[in-house]
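Colleague: I am new to this structure. Can you walk me through it, one question at a time?

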Amino acid sequence: MPENSVDKTAQQKWMAVLAKADWPTLEKLWKDQRNNYQFQTIRKPETGLVMVRGRAGGSGAPFNLGEATVTRCTVQSSAGNKGNAYVLGRNHTHALVAAELDAALQDETRNGSLLEEIIEPLARMAASKKQHHREKVATTKVDFFTMVRGED
Amino acid sequence: MYVAVKGGEKAIDNAHKLLKEKRRGDTQIAEITTGQISEQLTLAVDRVMTEGSLYDRSLAALAIKQARGDLIEAIFLIRASRTTLPRFGYSKPVETDKMELSRRISATYKDLPGGQLLGPTFDYTHRLLESELETDQPASQQHRGILSDQNSIDSTDVKSEIANEEQTIAAPIIPHVLDLLGEEGLMEPPSNEPKDHEPEDLTRQPLSFPASRDLRLQNLARGDEGFLLALGYSTQRGYARNHPFAGEIRVGTVAIEFEPEELGFAIEIGEIELTECEMVNQFKGSEKAPPQFTRGYGLTFGHCERKAMSMAQIDRSLRAEELGEQKTAPSQDGEFVLSHSDNVQATGFVEHLKLPHYVDFQSELELIRRMHQEHDAASPESDQQAKDMTTHEAAE
Amino acid sequence: METPIHGFHNPPVESSIAFRAILNAMSKPGTVQPILVDLAPVEGINKGTQLAALTLTDHESPVWLDENLSKQSVIEFLRFHCSAPVSSDLSGIQFAFLSKWHDAASLPPFPLGTPTFPDRSTTLIIEVESFKKSEGVTLSGPGVKTTENFDAVGLGPDFWSWMQQNNARFPLGMDVILTTDKEIAALPRSVKILEAY
């Protein structure tokens, strides 16, 4: 097994879902809940770069492929939880919302309902998009036949 | 040598105004949007991201628009833009065996585990112009993707819409074709260095020779597609005798994992599209290694198949020395290839020739005049020339 | 519960102002540069040290902390705001933070650079109590027009002789930034100490 597929913590899972979330959907889902919380911004959304690495031969030694834009943000909830976000791209509000939700989700009294109402739907939506994509790609699956050549 | 000049501000301002006007073109026609570029000129965006060495679709689209479709100018704009941003760190190496595939083919096995997926490809098209594309289609009113048909969606719609969908299914792990041969001992390992080798970074240290393989791969990944294509072609035509098989080409999305210093654990920060190519080459064997297949590797942002294939060819040809092959062709010369692959550097040096070189040229002009005069003074009258030449020849 | 907001509030502008202060200090040895950026206090380090850390360090610059500074608040500040890895591998240290000048003997053997790459040396960031212009030593060298009088309260007795030895190794050697809550000053390796105590 690749080294980073070891069991992820619940927080790593929700942070991944939030980073990869369809932004308009995330925005709408959070809008209804946002008023129940208060946050202080520790680090305003800030765009920078992460150097993406590949591996020679797909599975060999690492090399630097090229950079990607990333936006990060840190907030603190009124309950004192620090929420962090690192999100590919330059959408500052996405990073802010992801950080707010990361903080909110650390509050045990709210965790269950937020997972159910925001994280799980987003995860299902992403899965469904992937499934849809997979089905379309599967229609291009091909079987090549080798033509037998004649005797002469 | 370049000597600075002053003046011309007004002309330069006006030239830039004219450039803006030319970029906009006929105002009777709607202005192209960056969204249209990013959705419909996807392969141009992919090339700009790969050679600009920055994954950001909307920035690449903006650069293409601003550069009036001149992709090398757009790549230049992207390279300039990335220098203004702070670096947060390095990602974990992407795991292409976990790629969510949109295409995967092999020219070496027809029945490979996981199957062959053609995906969206120009292969097998007849290269006939499709005249129906000349007619613009209006935008669809449907919301993209699996959501509701309505234009506006509120959160309850979203919830009910996605509540029925299935639970996450992780992409199946699809092993690399070449690793299957490796299990039989017929394929060399993917690299000589260990999996936790710390690679060099040419955006941090200047290139020096001989360059390590990781540095070569980084250079080739951002190298000019045309340059690598021509070099790759030359290896097939006999300059390096390197006729390979396309062992596997895959296109799809992978997750990017990053470990921020302050968190102390890795998180997925999003997904990007990549193209990967693995070439298979023959190898007779040497004192150290038995006869087996060797490999060349190509990886790009987005869908840049031609580039990934050329990159894999050149990755392999640059390993000539390591594999004890005779170095006879340009594609095997690391210093030649790596020093000339970058189109931003290349265009900078070539295009600087159009900048004022008045002082330089004046001195050359004076030199030529003087030499010319000296030559005239030394040479005899024209009617004597023929005779002189014969005596010169005789003397020699 | 309000936590003070650390770090730069407007990074592009404030880091430029801070960089200019450090550049001025380095290029004009012995001059005292005011800190013109508003920084919230961090337990364990003064504002000049904060300024230097925020401006000069990042994920590619391993830093070293002396015993007094090895506090959770300082480490967290460096991790979060600078992404700087705190390291004990001396050979890679780019910035060493000292709560004060202890003495030359207890200074760890940080890199001094190599003849090909003299820049690959450690920069020392040392906290002092205050700066004085009237007493102390006389400086000369690159960036000093004639001579400059300089002193900092809180430097140990053997600091200036260490600086003289440091200069003797030029172009190798360490550069020094001295910090207080209000000001910074710098002593690059090129500075000559004319009159030590």
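**Questions and answers**

Colleague: In which part of chain B does B:Glu188 lie?

Modeller: Helices (H or I, at least four residues) and strands (E, at least two) are DSSP runs, numbered from the N terminus. B:Glu188 lies in the loop between helix 7 (177-183) and helix 8 (213-221) of chain B.

Colleague: What should I know about the model itself?

Modeller: This is a predicted model, where local features need pLDDT of at least 70, side-chain atom pairs count only at pLDDT 80 or more, and totals for chains, interfaces and linings use all residues; side-chain values use heavy atoms, with hydrogens and water left out. Residues are numbered from 1 along each chain as its sequence is written, while chains are lettered from A and ligands numbered from 1 in the order in which they are written.

Colleague: Is B:Glu188 buried or exposed?

Modeller: Buried means under 20% relative accessible area, exposed over 50%, partly exposed in between (1.4 Å probe, protein chains only). The relative accessible area of B:Glu188 is 6%, so this residue is buried.

Colleague: Which side chain joins that of B:Glu188 in a polar contact of 2.7 Å?

Modeller: A polar contact is a pair of N or O atoms within 3.5 Å; within protein, one must be able to donate a hydrogen and the other to accept it, and residues adjacent in sequence count only if both atoms are side-chain atoms. Contact in general means heavy atoms within 4.5 Å. Setting aside residues up to four places away in sequence, B:Glu188 touches B:Gln292, B:Phe293, B:Thr294, B:Arg295 and B:Arg319. Its polar contact of 2.7 Å is with the side chain of B:Arg319.

Colleague: Why is strand 5 of chain B largely enclosed by the rest of the structure?

Modeller: The strand spans residues 245-258 and has 14 residues. It is largely enclosed because the number of buried residues is 11.

Colleague: How many bridges join strand 5 to strand 6 of chain B?

Modeller: Two strands pair if DSSP finds at least two bridges between them. Strand 3 (residues 100-105) and strand 5 of chain B run antiparallel, joined by five bridges. Strand 5 also runs antiparallel to strand 6 (residues 267-281), where B:Val254 has B:Ile272 as its bridge partner. The number of bridges between strands 5 and 6 is 13.

Colleague: How many salt bridges are counted between chain B and chain A?

Modeller: A salt bridge is a side-chain nitrogen of Lys or Arg within 4 Å of a carboxyl oxygen of Asp or Glu. B:Glu257 forms one with A:Lys8, their closest N and O atoms being 3.8 Å apart. The count between chain B and chain A is 11.

Colleague: Which element gives the largest share of the side of chain B that touches chain A?

Modeller: Contact links 89 residues of chain B with 65 residues of chain A. Across this interface, 31 residue pairs are in polar contact, both residues at pLDDT 80 or more. The largest share, nine residues, comes from strand 6 of chain B.

Colleague: Which residue is the bridge partner of A:Ala68 in strand 1 of chain B?

Modeller: Strand 2 of chain A pairs with strand 1 (residues 54-55) of chain B in the parallel sense, over two bridges. The partner of A:Ala68 is B:Tyr55.

Colleague: What is the relative accessibility of A:Phe63?

Modeller: A:Phe63 is found in strand 2 (residues 62-77) of chain A. Beyond four places in sequence, its contacts include A:Val52, B:Pro199 and B:Tyr297. A:Phe63 counts as buried, because its relative accessibility is 0%.
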